[in-house]
Amino acid sequence: MPLNTHPPIPSRHRRRPTTTSTTWCCSFKTPPMSPDTHSLNQPKPLTPPHHHHRHPPITDQVTPKHPIINSFPNSPQSTKSGFGLVGRIAPRRILSPGRVSPINSDPIDPVGIESVPPEISSPDPGTTLSPESAHEAEIDARNDNEGSGNGDCGGGIGGVFDVRLNLKGKRGGRLALELNSGVLMENSVVFGDLIGGFRRKNEGGLCRIEVPDVENMGVFRETIELMFEDDIVKRLVKIGVCRAIDVLEVSTNIKFSRCLQSCFQYLEAVPWSDEEEEKIRRLFTKLKFDEASSREILARLDSRDSVGPHQDLPRRLIFSITSCENSKARMELKSLVKGLLCRSSVYETDHIDIKEDLYTVSRRCLSSLVTLFEEASSTTPQSPAAKKESSRPLVESISWEVDNITWVLELLLEHQMAEEFVDMWTDQRELIRMHRLTSSMVRYELSRVTAVLFMAMGTSRLHCRTGSRSELLCSWFGPMLLDFGWLQRCRKGLDIRQLEEAMGQALLTLPLKHQYELFIEWFGCFSRQGTDCPNLNRAFQVWWRRTFLRDWQGLDVESQ
């Protein structure tokens, strides 16, 4: 038997059986839909939701509840191609490596993902948009469906749209609206004149109207749509105040009187923010409106017709605060009025002279404080009528009056008007006399006012002449030394370290003769009271160096 001399064919050279079709994993009979097999499986045309698609038999495929729209996530036809594949891709549809069926976790609405045609019609049959405004048309179409309910702006008379309104944006873009001439002539005087002139020259045909340099084509289109609304105010409530102001401007330019009245009615009845109020002011400055129609809005903008003079308003507010009985409300109102009257406020107060009002309140508070100290220093008990008249204890009443004085003084310092108050406080001889006759827990309240003045002079917030500074320090420096211990225990917002530094700086602004007297007085008080006396060591050293070392150096120079 002859032997086969040929060597055996290696396994790697064995011929594999040929197959007529490509085998796919997981029992696929036909290739799955993917970007690589786009030529093998052409997507069928989109059918309405009630028709059934016939899919190829695929094993282990999850059958969605709605018909699946063939889409290719990696297709080169991007959203910029303009051929309508923008909405085809389902939000969460991917091809998972571990599965062969598309994942459709969310049901797909076929109506919401239809391709955008080259020319989109708005929800109302009377309006047609050009392809350049497709994205804006989708947004406006949603607003129309919400506002009109049936998606129809009116349909014209007999469904005839014989006017083409071409809008050209100021920053580019075009918008074409096909409308009924009867609706335009009925609502707009400007469009009525244009259409009437065209009809007199031409018996029929399409009337073309072009509006150039439109600032906001969306607002213009929305204003045109309001011509088909029976209740314009109801639509304005939905779009808001800012949009209603824009609609008012367009309505004024095209003389849409029914919309003008509705805008005035709506804007007058709603509150405005600061930005919206400023926008209305600019619009009323730019355009002229009928006084009878806009009277109510002008009343909210113009303060000249308000009742009562404005000149005495700050004094009335300050009087109300100083006589307030509720401590919490008093604190809130103090912060409010101080913010309104301060020089750095955003409110204009240049035309309001509050200096006389502040000093009037200051004199009233000082007079009341003198009366209270007379009661506190008197040995006779307070009469029942006086106790009944005042609902607070005497100590609390004195504290409240001092709070009023310091608050008014802060306002004067803020406006750089406190120079006269320095003389007023220096002239309070009765208070200085009663200071030693009154208990320490009461009299230290006077030093709170002195502390505010000392800190203002030491930090350059208060600028007054040398005579006023000298008289103030000579009059109230001694009482301050006596009350400093109580000020440390009952600070009431007072910064003790800053007060000590400011007192030393204020003393150094005086003539050397007065510095000598006051520093010697402080030195004796500090040696007796210790920490109950302000620490002016640094200012004392400066005074010593300026006074004695310079004199000795001058004597040495003279001797040489």
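## The second largest pocket

In sorting residues by class, Ala, Val, Leu, Ile, Met, Phe, Trp, Tyr, Cys and Pro count as nonpolar, Asp, Glu, Lys and Arg as charged, and the others, Gly among them, as polar. By these classes, the second largest pocket of this predicted model has a lining of 10 charged, seven nonpolar and five polar residues. The space in this pocket amounts to about 650 Å³.

The lining consists of 22 residues, and those nearest the centre of the pocket are Thr406, Trp407, Glu410, Arg448 and Lys492. Three helices each contribute at least two residues to the lining: H11 (327–341), H14 (394–414) and H17 (440–458).

## Overall make-up

The protein contains 21 helices and three strands. Of its 560 residues, 39% are buried. Its accessible surface is about 34,300 Å², and carbon and sulfur atoms account for 52% of that area.

Among contacts in the protein with a separation of 6 or more, 70% are between residues 24 or more positions apart.

In soluble globular proteins, nonpolar side chains tend to be buried together. In this model, the largest nonpolar core has 71 residues, and the members that touch the most others are Phe421, Trp425, Leu431, Phe454, Phe477 and Leu499. The element that gives the most to this core is H17, with 11 residues. A further core lies apart from it and has 47 residues, including Ile232, Val241, Val270 and Leu301.

What does Phe421 contact when its neighbours within four places in sequence are left aside? The contacts of Phe421 are then Tyr359, Ser362, Ile405, Leu409, Leu412, Val449 and Leu453.

## Val361 in helix H12

Val361 belongs to helix H12, which covers residues 355–377. Is Val361 buried or exposed? Val361 counts as buried because its relative accessible area is 0%, and the cut-off for buried is under 20%.

Residues up to four places away in sequence aside, Val361 touches Ile318, Phe319, Thr322 and Val408. One of these contacts, Phe319, is 42 residues from Val361 in sequence, with 6.8 Å between the two C-alpha atoms.

Ser460 is not a glycine, although its phi is positive, at about 65°. Ser460 sits in the loop between H17 and helix H18 (466–489).

Lys492 likewise is a residue other than glycine with a positive phi, near 55°. Its place is in the loop between H18 and helix H19 (496–507). Lys492 is partly exposed, because its relative accessible area of 46% falls between the limits of 20% and 50%. Lys492 is also one of the lining residues nearest the centre of the second largest pocket.

## The loop between H20 and H21

Thr531 lies in the loop between helix H20 (512–529) and helix H21 (537–559), and Pro534 is found in the loop between H20 and H21 as well. Pro534, by contrast, counts as buried, because its relative accessibility is 0%.

Distances to Phe484 can be given for both residues. Thr531 is 47 residues from Phe484 in sequence, and their C-alpha atoms are 9.0 Å apart. For Pro534 and Phe484, the separation is 50 residues in sequence and 6.6 Å from C-alpha to C-alpha. Not counting residues up to four places away in sequence, Pro534 touches Leu481, Phe484, Glu500, Met503, Trp522 and Phe526.

Notes
Residues are numbered from 1 along each chain as its sequence is written. This is a predicted model: local features need pLDDT of at least 70, side-chain atom pairs count only at pLDDT 80 or more; totals for chains, interfaces and linings use all residues. Side-chain values use heavy atoms; hydrogens and water are left out. On a 1 Å grid over the protein atoms alone, a cavity is a set of points where a 1.4 Å probe fits but cannot get out, and a pocket is an open set with protein on both sides within 12 Å along at least five of seven lines; lining residues have an atom within 4 Å of a point. Grid points are joined across faces, edges and corners, and a volume is the space filled by probe spheres set on the points. Helices (H or I, at least four residues) and strands (E, at least two) are DSSP runs, numbered from the N terminus. A nonpolar core is a set of buried Ala, Val, Leu, Ile, Met, Phe, Trp, Tyr and Cys residues joined through side-chain atoms within 4.5 Å. Buried means under 20% relative accessible area, exposed over 50%, partly exposed in between (1.4 Å probe, protein chains only). Contact means heavy atoms within 4.5 Å. Accessible areas come from the Shrake-Rupley method with a 1.4 Å probe; for residues, only the protein chains shown count as cover.
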